[in-house]
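Here are my notes on the model you sent. The points follow the order in which I would check them on screen.

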Amino acid sequence: MTDSATSAEQQAAYSDDIYEDAANWHVNTGEEKIHPKQAAGKWRKLKWLTHSIWLILFIGPFLRWNGQQAILFDIPDRQFHIFGLTILPQDVWMLALVLLFFAMLLAAVTSIAGRVYCGFFCFQTAWTDLFMWLEDKIEGVPAKRRKLDAAPWSAEKVRKKALKYFLWVVISVLTGISFVSWFTDARQLWHDIFTGQASGTAYGIIALFTAGTLVLAGKLREQACFWLCPYARIQGVMYDKETILPTYDFHRGEPRGRLKKGKLVEGNGDCIDCKQCIAVCPTGIDIRMGQQEGCITCSLCLDACDAVMEKIGRPKGLIRYASMDEMEGKKPLPLFKRPRVIIYLTIITLAIAGIIYGVTHLGAIEVKVLHGRSPLFVQRSDGSIQNKYDVKILNKTVKDIPIKITVSGIDGLQLKGAEETLLAKKGKTGSYIMFVNVPSEKLESERTPIVFKAVNLDDPTQTSSYESMFFAPK
Ligand code: SF4
Ligand code: SF4
């Protein structure tokens, strides 16, 4: 047998396989369950990689950083601990910047490449992909899954369904536990849950998350993207004709037609109407009908079609990321010439600058000083001038620390009330009344700036300063 004969037979056998798959395909109208085929290829691998970001977030509370829980949103003490960084309510402006950053990033990415967030990063997609992968492993390929769903109950059906739901429930419970772990001591929670000592609230939230995960990822799947997701409703306004999306190259693909004896028919385009792109689509879309609202930009149809093109010896990319302008033969505009992208990127840059400023200026301790107003000053019997101050010290760390306060700015000044080392309680603000005395001959003006400085005696690199004013008579 010659090589070309072998190849023709292989192609013919392959075309039989794919047309059998196509025969089982149904349009998703919401009434029936979509059983997508598991795709393989570079986009599928990339999706698993991006989905794993959620895994890092969910194991974060179980990691330790400097002996403390790496991620802890401590609501009772109103502190957020993220990998050694402690954020208190007064730093909440940073949270606003972080939200602004993510909102603008989402807008910019959508404007450039459509719903890649949905396809690659969204938790709904990540959990649904994991659930469907397990379903495929336990119940088999789509045709077998449909057959099993339609079959009467038997020992085999009970075994497969029970195993699938057991694993789904395990993942859902772990999801709930991981979520609660963000807000409490994760290791203690783990112990408390299995010894029945966790709070009713913890059990309640875990039950809620378990049910929510099962319903969203196991039952609703793509319907959640269609009907529940607000982002899906608004993303259309962020698109323009330069947005690149998974697109079927109709110039190259049409007129479509099936292979004859494993070969393309003369005069036909490259699309062999195998419907593999539809078979793998988690939302049941036929991308050949044009860009559609239901497309979550997961790119699985790109993988499926590329595999088909490879097998029939045609170039890959019949379905690829392309803009409407490109399909109309126009030259794509460079990113930096697209006004909406420029606006989004400008806001993102400002938000990042603000976040960097905030993070680099978030000290472990913070000192603030209020000057006593009534009276502004007193003249003492020895002729010196005295001012009163309320010194507030915020300890943002997770342990009590000894603090030394000093003042500078005027020659010969004396600080009273800070002779002893102060103990700043962890996560708390302490308030201390102090007096500054200055001999009157050292004063040259009614108002002289002075600087209070707090130093952590356990770690002298941790300091905080605050500029105040010293008042004197005219
Ligand atoms: S676009 Fe590609 S995967 Fe889809 S039917 Fe045509 S050849 Fe098959
Ligand atoms: S059309 Fe393609 S990119 Fe869009 S959801 Fe379906 S498989 Fe994913």
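1. Strand pairing. This is a predicted model. Strand E3 and strand E4 (residues 79-82) pair in the antiparallel sense, and 4 bridges connect them. One position to look at is Ile71, whose bridge partner in E4 is Ile82.

2. The sheet. The 3 strands form an open sheet in the order E3-E4-E5, with antiparallel pairing. Strand E3 (71-74) and strand E5 (85-87) are the edge strands, each pairing on one side only. From one strand to the next, the twist averages 10°.

3. Ligand 1. The shell around ligand 1 has 13 residues, and the nearest are Cys271, Cys274, Lys275, Cys277 and Cys305. Helix H13 (276-279) and helix H14 (300-311) are the elements that give two or more residues to this shell. By class, the shell around ligand 1 holds 9 nonpolar, 1 polar and 3 charged residues.

4. Ligand 2. The residues around ligand 2 include Cys281, Cys295, Cys298 and Cys301. Pro246, Pro282, Thr283, Ile285, Ile287, Ile296, Thr297 and Ser299 are also among them. What is the division into nonpolar, polar and charged residues around ligand 2? The shell has 9 nonpolar and 3 polar residues, and no charged ones.

5. Salt bridge Glu139-Lys164. The count of salt bridges comes to 30. In one of them the side chains of Glu139 and Lys164 meet, at 3.2 Å from N to O. Glu139 belongs to helix H5 (residues 123-139) and Lys164 to helix H7 (residues 155-181); the pair links distant parts of the chain, 25 residues apart. Both Glu139 and Lys164 are buried.

6. Salt bridge Asp240-Arg340. The side chains of Asp240 and Arg340 form a salt bridge with an N to O distance of 3.6 Å. Asp240 lies in the loop between helix H11 (230-234) and strand E6 (245-248), while Arg340 lies in helix H16 (residues 339-360), so this pair ties together parts that are 100 residues apart in sequence. Asp240 counts as partly exposed because its relative accessibility is 22%, and Arg340 counts as partly exposed at 26%.

7. Asp390 forms a salt bridge with Lys392, with the closest N and O atoms 3.3 Å apart. Is Asp390 buried or partly exposed? Asp390 counts as buried, at 17% relative accessibility. Lys392 has a relative accessible area of 28% and is partly exposed. Elsewhere on the list of charged pairs, salt bridges that share partners join Glu135, Asp136, Glu139, Arg145, Asp149, Lys161, Lys164 and Arg221 into one network.

Methods:
Residues numbered from 1 in each chain as written. Chains lettered and ligands numbered in written order. Predicted model: local features only at pLDDT ≥ 70, side-chain atom pairs only at ≥ 80, totals over all residues. Heavy atoms only, no water. Near = heavy atom within 4 Å. Nonpolar A, V, L, I, M, F, W, Y, C, P; charged D, E, K, R; others polar. Pairing = 2+ DSSP bridges. Axes fitted to C-alpha atoms, helices over the stretch in contact; angles between N-to-C directions. Salt bridge = Lys/Arg side-chain N within 4 Å of Asp/Glu carboxyl O. Buried < 20%, exposed > 50% of the residue type's maximum accessible area, 1.4 Å probe, protein only.
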